[in-house]
Structure formats: C-alpha cells, structure tokens
Amino acid sequence: MTGVVDPPGANGKPSRAGAARRQSTIPPVTADTRLPRDAQSILELAARSMFDLFANASEGMMLVDRQARVVWINDQYRRFLPALGFEREEDFVGHPVSSVVQNTQMHQVLATGKPILIDLLTNRAGTFVVSRIPLRDEAGGVIGVLGIVLFDHPETTLQPLIAKFARLEQDLNEARRELASQRRTKYTFASFVGSTPGALEVKRQARRAALSSSPVLLLGETGTGKELLAHAIHAASPRAGRPFVSVNMAAVPDTLLEAEFFGVAPGAYTGADKKGRDGKFKLADGGTLFLDELGDMPPSVQVKLLRALQEGEVEPLGSNKLVSFDVRVVAATSRDLMQMVRDGHFREDLYYRLNVLPIRVPPLRERQGDIPLLIEALCEDIAARGGGPQLELEPDAQALLLAQPWRGNIRELRNVLEQLALRSDSHHIEAAEVAAVLREAGLPALAVTPAAAGPVANPLPPASEGTGARLRPLAQQVAEVEHRAIEAALAHTGDNRTAAARLLGISRASLYDRLAEMGLAV
Ligand SMILES: Nc1ncnc2c1ncn2[C@@H]1O[C@H](COP(=O)(O)OP(=O)(O)O)[C@@H](O)[C@H]1O
Ligand SMILES: [Mg+2]
C-alpha cells in the first residue's frame with residue numbers, strides 16, 4: 001500500500017499507468033493521502049476494519065483450521081472457557097472444535113463452504129447468537145472457519161425481538177385454539193330439544209348412528225335440526241376429539257367445490273393459492289365430514305366424491321399424488337333424493353353409498369307438542385346471546401304460535417321469537433304483538449279457537465256447517481274450504497296475490513287458476 005493518489009480511469013477502474021506517471025511528475029497533493037485509492041488496498045483496509053469491529057464489538061471469536069481444530073481464540077472468547085468446562089487454554093485450543101464446543105456447526109461450514117450468518121447456539125455455557133464465516137485461500141478453497149459470538153444472553157440483548165416473537169407465537173396459538181374449538185362440535189344431543197315420540201325416535205336413531213362408523217343421511221325439511229344433529233352425532237362418536245368439518249353444497253360455487261373438497265397442490269395456481277391449500281377431506285382427517293345440502297351437489301363433483309369415498313384417497317388439484325384420509329361422512333338434504341335419482345339428477349351409486357343409516361327428521365308440524373319446550377329453550381338462548389331478559393309469552397300469545405304451520409320449521413320459529421325480543425318494550429309478550437310479527441313475516445296469523453289453544457292446534461278454521469252440510473260430495477266440500485282459505489289469504493294480504501300465494505304455500509300460477517275457477521277476475 002503506497003498511499004499514492006490514484007484516481008479512477010475513464011472506465012471507473014484505477015489506472016495504473018496514470019498512477020506511475022503522476023508519481024514522478026506531480027508534486028505531493030494537499031488531500032489526505034493516508035487513504036488508499038486502489039481497489040485491492042481498499043478491500044484489505046475494509047476487511048481489517050470489519051474484523052477489528054467484530055473482534056471488539058462481539059462477545060468472542062475463534063478460528064478453526066481445515067481439520068476443524070481450534071487454532072485461535074481472542075481474549076473475549078477466553079471468558080467462556082470455564083463455562084464450557086475448561087480451566088486452561090491449552091485444553092481448548094489445538095483440539096477438534098466438536099469435542100470442546102457442544103452443538104457446534106463449524107465443521108458443517110467447513111464442509112459446505114457456506115456461511116451461517118445468524119444462528120442460535122445452545123450448550124452448557126448458555127445460549128448465544130453466533131455467526132460462522134468460511135475462510136478461503138487465493139484459489140478459493142476453504143481453509144478454515146471464523147466463528148463469532150455476536151451476543152451472549154440473547155434473552156436480554158435481543159429482548160425486543162424475542163418479546164415480539166413470543167407475542168406472535170402466542171397469537172398464533174390462540175388462533176389455532178380458536179380454530180380447533182370452532183371445528184369441535186357446537187351441539188350435543190342435549191341441545192336437541194323435544195319430548196314427543198317423533199323427537200325421541202330421532203334422537204334414539206342418531207345416538208345409535210353415532211356409535212357406528214357408517215355414513216349417516218339426515219333427511220328432512222329445512223330448519224328441522226339436521227345440522228344440529230350432525231354435530232351431536234360427531235360429539236357422541238369415538239371421533240369426538242377430532243375435527244368436525246362441514247361443506248355446504250348450496251353455499252360454495254360449483255366451480256370451487258372440487259378445490260374445497262380435495263385441496264390444491266402448491267403451485268397449481270398463481271396468486272393467493274400459490275402455496276397450496278388443504279381440502280376438507282384432509283382437514284377432517286380422523287374426524288367427521290358433514291356434507292350439507294347434499295342434493296345441491298353438481299354431477300361432476302358427485303363422480304369425484306364417489307371415487308374418493310370408494311378409494312379412501314383424494315388427489316389435490318394440480319397434483320398427481322394421492323392423499324389418503326380417514327373420515328366419517330354425515331350428509332343432510334331437504335330434497336327428495338330418491339326422486340332426484342329417478343330424474344337422473346343424483347347418482348344412484350352415490351345415493352346408496354351415503355344412504356346407509358338414513359334418519360328422517362320430522363317437521364315441526366308433526367311434533368307440535370314440542371313447541372312450548374322449544375319456545376322456552378329458544379327464548380333462553382336468545383336472551384343469553386342478546387343479554388336481555390328472557391321473553392315470557394301470555395297463554396294466548398303462545399297459542400297463536402302453536403297454531404302456525406311453521407313451514408320454515410324451528411329456524412322460522414326462532415326468527416319470530418328474535419323479532420319479538422327485538423321489538424317489544426317489555427318481556428311480557430301479548431297475542432297482538434305475536435300477530436303483528438307473524439303478519440310482517442308473511443305468516444298466516446291463524447284464528448285461534450279455545451280448542452286450538454291446546455297442545456295440538458287445528459290448522460284449519462272451524463267449519464261452521466253442521467253434520468248435514470258434510471253429507472255432500474267431497475270435491476265440493478274441498479273446493480269450498482279452498483275458496484275460504486283463498487279469500488282469507490287475500491283479505492289478510494290486502495289483495496296482494498303474490499303474498500297470498502306464499503301464505504297458502506302454492507305457486508302464483510295455481511292461485512290464478514283457482515281464482516279463475518272461482519269466477520274472480522284474474
Ligand atoms: N330440536 C331442536 N332443539 C333446539 N333447537 C333446534 C332444534 N332443531 C333445530 N334447532 C335450531 O333451529 C335452527 C335450525 O336448525 P338446523 O340444524 O340448522 O336445521 P337444518 O340443518 O335442518 O336446516 C338452529 O338455530 C338450531 O339450533
Ligand atoms: Mg341446514
């Protein structure tokens with residue numbers, strides 16, 4: 001290193017010729033000449049400064065040779081010797097590093113020639129943040145490794161980082177716990193309220209199904225408690241400790257169902273799914289897979305589902321590897337699956353595969369005796385969730401609810417009770433308030449006779465005719481009852497025919513047909 005000013009040449013590189021010329025002709029410049037200006041010298045100076053910096057700022061340094069023997073340690077490193085179990089330096093220096101420093105990775109850096117810039121090393125002397133840098137000769141061959149102890153006691157020196165890491169880890173654990181509890185069942189058989197013979201029979205069949213590992217098929221109208229039962233079956237089954245995972249065919253677009261079921265291999269798509277995603281079969285492994293609204297499953301997915309169930313394996317999209325799974329399937333539908341099979345809309349082979357333990361869940365109108373109990377349980381639940389007092393229904397208000405046909409079943413009953421809780425000022429509910437809510441919900445607030453206030457209501461208005469009037473052709477009597485019902489519905493809806501048709505549970509077209517038969521303007 002000469003300390004001579006040596007400005008870069010036109011190409012940016014130091015110009016040796018220029019340096020030689022100026023050395024002889026130009027007098028000493030006034031600029032600070034202690035700094036080198038040629039690349040090699042700059043590098044050497046930088047390397048020495050960096051080394052000095054590390055040597056002073058770090059907690060200790062050591063050097064191993066090609067044979068991974070310790071050949072040098074600095075003064076700071078010497079402090080660690082007692083903690084590592086050595087009284088004298090000669091028991092440490094000159095020995096293979098792996099025999100004097102437990103868990104060292106220095107030999108690995110020797111073998112690969114790749115530095116380990118940051119690592120945590122834990123051994124009998126404590127936990128350290130370390131860095132290991134290979135040393136090369138002129139020809140580029142690895143001739144040794146420099147080990148630097150950047151920090152000792154990282155738990156105090158790296159406190160902010162470690163605290164942040166611990167917080168993130170805690171958040172992650174909480175999210176995992178939350179997810180697991182959501183996947184755990186929400187309901188047990190105790191949540192299925194009902195003591196009528198119909199309700200008890202459903203519970204008996206479902207309890208028995210829980211103990212078997214065969215597929216269960218829950219059949220019943222919407223809002224009858226099929227999903228609740230699926231949860232309860234899982235909770236009472238030997239798989240209770242494993243996940244309960246549901247897929248609702250009606251809620252997932254057809255084009256996404258396959259990915260939802262079978263998963264996506266990493267790299268199959270660009271963008272959000274680049275990393276790949278587990279399918280529901282994989283997520284439910286060891287547990288229960290609930291296929292809700294099975295009747296809405298598109299035919300292309302039916303074929304693949306059948307194959308998956310037959311083979312116990314799925315192939316994630318974009319992968320050619322099969323993933324085996326172990327799930328128990330519980331399916332539910334409000335559609336007439338047998339009819340769908342006949343019409344060619346549902347695969348017969350899949351139908352028989354899933355229809356091993358069918359359970360028919362009766363509609364509320366077949367178990368009206370359960371309504372008082374249900375009202376009580378639902379009001380309790382609504383109050384618990386909303387934080388308000390529990391509703392109390394006057395007897396005539398309850399009678400009005402008992403008289404409903406409840407086409408939407410328990411979900412509809414629940415909605416009406418929620419409306420009452422939201423809208424009424426007091427928690428004592430009178431018949432007029434119930435009638436108002438029913439009217440707004442588009443439900444027929446059927447007249448309640450004293451007899452209908454009993455546990456089983458008569459869904460038809462009382463016939464005013466005596467026995468004599470009944471001794472007429474049946475068709476005529478039926479037509480009269482129909483006319484009366486249509487007139488009542490039209491009066492109730494202020495002549496709104498769409499609403500009237502909905503109340504009567506018939507299509508608008510058939511309401512128009514009947515009106516024409518009755519000789520009323522259409
Ligand atoms: N037997 C029951 N006892 C208490 N609540 C019920 C019962 N059956 C259904 N429910 C409630 O009614 C609503 C609809 O039930 P759900 O299981 O979703 O019906 P489905 O799947 O048949 O449409 C839910 O809020 C559920 O908790
Ligand atoms: Mg449902």
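Predicted model: local features only at pLDDT ≥ 70, side-chain atom pairs only at ≥ 80, totals over all residues.
Local features are reported at pLDDT of at least 70 and side-chain atom pairs at pLDDT 80 or more, whereas totals for chains, interfaces and linings use all residues. Residues are numbered from 1 along each chain as its sequence is written, and chains are lettered from A and ligands numbered from 1 in the order in which they are written.

Five strands form an open sheet in the order S7-S10-S13-S6-S14, with parallel pairing. Strands are DSSP runs of E of at least two residues, helices are runs of H or I of at least four, and both are numbered from the N terminus; two strands pair if DSSP finds at least two bridges between them. The edges are S7 (244-248) and S14 (357-360), each pairing on one side only. S7 runs parallel to S10 (residues 288-292), joined by 5 bridges, and Val245 stands opposite Leu289 in S10.

Turning to the helices, H16 (residues 371-386) packs against H17 (residues 395-402) at about 110°, with axes 10 Å apart. Axes are lines fitted to C-alpha atoms, for helices over the stretch in contact, and angles run from 0 to 180 degrees between N-to-C directions. The contact involves Ile371, Pro372 and Ile375 of H16 and Gln398, Leu401 and Leu402 of H17, where contact requires C-beta atoms, placed from the backbone, to lie within 7 Å.

Finally, Lys282 sits in helix H12 (residues 280-283). Leaving aside neighbours within four places in sequence, Lys282 contacts Gly263, Val323 and Phe325. Lys282 and Pro316 lie 34 residues apart in sequence and 9.8 Å apart in space, C-alpha to C-alpha.

Definitions and conventions: Contact = placed C-beta atoms within 7 Å.
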